[in-house]
Amino acid sequence: MGNCVSLSIPLDQSVNKVSQWLEEKRGYTHNLKKNLVALETTMEELKAKRDDLERKLTREEDRGLQRLSEFQVWLNRVAKVEDKFNTLVSDKDVEIKRLCLCGFCSKSLLSSYRYGKNVFLTLGEVEKLKSKDIKEIVAKPLTPELEERRLQPIIVGQEAMLEKAWKHLMEDGVSIMGMYGMGGVGKTTLFSQIHNKFSNDRRGFDFVIWVVVSKELHVEKIQDEIAQKVGLGGEQWNQKDKNQKADRLFNFLKKKRFVLFLDDIWEKVELTEIGVPDPRSQKGCKLSFTTRSQEVCARMGVKDPMEVKCLTENVAFDLFQEKVGQITLDCDPGIPDLARTIARKCCGLPLALNVIGETMSCKKTIQEWRHAVEVFNSYAAEFSGMDDKILPLLKYSYDSLKGENIKSCLLYCALFPEDTSILKEELIEYWICEEIIDGSEGIERAEDKGYEIIGSLVRSSLLMEGVNRFGQSFVTMHDVVREMALWIASELGKQKEAFIVRAGVGLPEIPKVKNWNAVRKMSLMENKIRHLIGSFECMELTTLLLGSGLIEMISSEFFNYMPKLAVLDLSHNERLYELPEGISNLVSLQYLNLRLTGTRRLPKKGLRKLKKLIHLDLEYTSNLQSIAGISSLYNLKVLKLRNNSWFLWDLDTVKELESLEHLEILTATINPGLEPFLSSHRLMSCSRFLTISGKYLSSPINIHHHRCRESFGISLSGTMDKLSQFRIEDCGISEIKMGRICSFLSLVEVFIKDCEALRELTFLMFAPNLRKLYVSGANELEDIINKEKACEVQISGIVPFQKLKELILFQLGWLKNIYWSPLPFPCLQTVKVKRCQNLRKLPLNSKSGKQGDNGLVITYDETRWIEGVEWEDEATKIRFLSSCRQDNLIPLPSYHGYIY
């Protein structure tokens, strides 16, 4: 055994270590109750300390200070240990019940050991966190650097707009600035330029915040972006709900000076919901936004928004040339002219100029440029870049329209030629007869709806509006928006033959179509087609616009296969003398426009079958001799008969019109002394435009011409609340008698011309909404409003001419009085007096007429007349003499609906 090694370990030492280990393990169980009490007490103290510090933190952060990362780590650890504590407390009762023999043993020794150990270790963590000496929890944040927006150089031609917008935003009294314009016009580019101006000079603002809102408004997304820009983001922020985020933002921003940029908003942004203080009540703060909608500007509280307009033609061409590049333009002498043609098609829209200019920059041959022009003229959506970069962006505006009927109204506008001024009145007539607008509850109500839709489209920057020289309201459609509408109407280019629009392109014949049954709407306005021959199977066709052309003949079979045609416009075809009897095949026709055609008579047989016709326009049909048989159109609601020079009214005509039970709107030019018409309550109550004229009675077919100059009176009585325009010309009317019940609530324009026997116009007392009054060539007229006659009909308490804007008096040699005492004339802007030598006193005082900018101006022809005026007092004389103007030109009225 001598080779064996012996190992000797002291027995006492080994026993001692085992004993200590057992004592430690036994202590987790034996001391469990004591440790739990200590843990609960210490945890309560830790939470109290945490809550005190968090309250302090909230106060400091509301002052704009930023929490320290070290303190956030401590808070995170407290939250973590609190979770552990809550788990231990939830298991407490079960574990206590397992103990036995005064805690020296357990029914489940391993479970009690593990639980006791966790209590012991957690107690240590809590004591450590509680004893942490926290001196600072926040610090003053660094002002975040402004992150410049990436952008292209400023759009050529919009530098002035940029400067104007910047100055406006920086004005002391401006708290909210809105910029609107159509898609692709450059709003975001301008907006980014304004934003980036703050990178060099903050102008005293603490924060300059940029947020892209876009079509779908997500409040929390906006909140998160603002929070990130002002340094409030982080884990704790993400745990808050929308309302808590709003409160946090509001309490932070209310003590700050900020500029908030909201790009591309499509609806009102509720600042309160986001948590942004209203700049109008928060001094030193500003909000600026861009939108495509004027309506959004109004809802955001901006009364005078800034419109971002398309570029002028020359400036647009400069931008286009810049994108194409001089090298390409110099490749062929013919390219610059073609480039200008293509640039003109973009109508100043920067997006189109940029995209198309870049596309053409690589086209080096004249053939490629000619092809590009041809594509633009035939179907621009096929041009490279149109259907993937330009039209989809504009389609967002279309998609945002509320209601399929509004969308259909917009697409309808694309049926007209490029750059055409579309009269609102005519456009709405189409919509009603196409049943895009419901006319079942009355034409006037439907018209009001139509004007509301037009307003919505204008405010959405999809249409532009204006007023022509006759005072008629119209809309125009930007060429690129028009291409977008045609693209949508053709199902994004998949069904091109659904909408065939070849208006104003000089076609000599009807275009060839592969599938006529696919055609739903066709516009061939303003072309050179002379003959409509043959028949086409157009079973789905609802609209056919053939106006303003050279059509001379329509074959009888032309309308054979158009069973759904609702709108047929043949207006302004002066060589079209008769309609074929085949028009009777148009069993669905609701709208027929023969205005300014050479039509001599209406086809009696054809008319009888047009049972659905509700709108018939026969104005300015100078060859029309009779409307006999019109009573067969018993569903007719609108009938227009103004200025038919050969057509004479008689009792039979009046009776036929009275039999039209559904007639709501009538326009007419009647013979002087046609008492049956004037005494017909049915016809007078639906008359909208009425002219009493002897101008056409000198025609060879009239044997009663001499009577038109004889003096006679007419009677106006009853309610004529639809009458909008009233004209009397070239006749011997001496008096306009009024009944006790007489009302002209809608009358806005009155024209009296060459009525030598007329002595007064007292009936105007019953026209409270009169806007324009033109009187000329009434040599015996002494009073506009006659005091004695006004008293006879017991007019009291009525102040006339409250809404009159324009008063023109010409060649009225005996006129002495307009009214017997001064009137307020609150809306009056223009008074023109010429060759009225006996008119010495005007019914004005120093407070009469429109005040301020565009105030009342009196225009006269002779110095001696203005010198002889007897003013009410010196103040009145001083007021008006300073703005009087001498003008020897003869005033001509801009009469709506009349051709001079």
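**Reading the model**

Author: Let us begin with contacts, where a contact means heavy atoms within 4.5 Å: of the contacts in the protein with a separation of 6 or more, 63% are between residues 24 or more positions apart. This is a predicted model, in which local features need pLDDT of at least 70 and side-chain atom pairs count only at pLDDT 80 or more, while totals for chains, interfaces and linings use all residues. Residues are numbered from 1 along each chain as its sequence is written, and side-chain values use heavy atoms, with hydrogens and water left out.

Reader: Where is the confidence lowest, and where is it highest?

Author: The quantity to read is pLDDT, the predictor's confidence in each residue, from 0 to 100. The protein averages 86, and 88% of the residues score at least 70. Helix α1 (residues 11-30) has the lowest confidence, with a mean of 53, whereas strand β18 (residues 567-569) has the highest, at 98. Over residues 1-9 the pLDDT is below 50, and this stretch has one contact in the model beyond near neighbours in sequence.

Reader: How many helices and strands does the protein have?

Author: Helices (H or I, at least four residues) and strands (E, at least two) are DSSP runs, numbered from the N terminus, and here they come to 29 helices and 32 strands.

Reader: What share of the residues counts as buried?

Author: A residue is buried under 20% relative accessible area, exposed over 50%, and partly exposed in between (1.4 Å probe, protein chains only). Of the 900 residues, 51% count as buried. In helix α19 (residues 404-413) seven of the ten residues are buried, so the helix is largely enclosed by the rest of the structure; among them are Ile406, Cys409 and Leu410.

Reader: At what angle do α19 and helix α21 pack?

Author: Axes are lines fitted to C-alpha atoms, for helices over the stretch in contact, and angles run from 0 to 180 degrees between N-to-C directions. Helix α19 packs against helix α21 (residues 443-459) at about 75 degrees, with the axes 10 Å apart. Angles under 35 degrees count as roughly parallel, over 145 as roughly antiparallel, 65 to 115 as roughly perpendicular and the rest as oblique, and α19 and α21 are therefore roughly perpendicular. Asn405, Ile406, Cys409 and Leu410 of α19 make the contact with Lys449, Ile453 and Leu457 of α21.

Reader: How many aromatic pairs are there?

Author: Rings of Phe, Tyr and Trp (its six-membered ring) pair if their centres lie within 6.5 Å; planes under 30 degrees apart count as stacked, over 60 as edge-to-face and the rest as tilted. By this rule there are 23 aromatic pairs. The ring centres of Trp649 and Phe677 are 5.3 Å apart and their planes at 80 degrees, so this pair is edge-to-face. Trp649 lies in the loop between β21 (638-641) and α24 (651-658), and Phe677 in helix α25 (residues 675-678), so that the pair links distant parts of the chain, 28 residues apart. Trp649 is buried at a relative accessible area of 5%, and Phe677 is buried at 0%.

Reader: Which residues do ring pairs link into a cluster?

Author: The cluster consists of Trp166, Phe191, Phe198, Phe205, Trp210 and Phe261.

Reader: Where does the charged end of Lys407 sit?

Author: A charge sits over a ring if NZ of Lys or CZ of Arg is within 6 Å of the ring centre and within 35 degrees of the ring normal. The charged end of Lys407 sits over the ring of Tyr398, 5.4 Å from its centre, and Arg600 lies over the face of Tyr577, at 4.5 Å from the ring centre.
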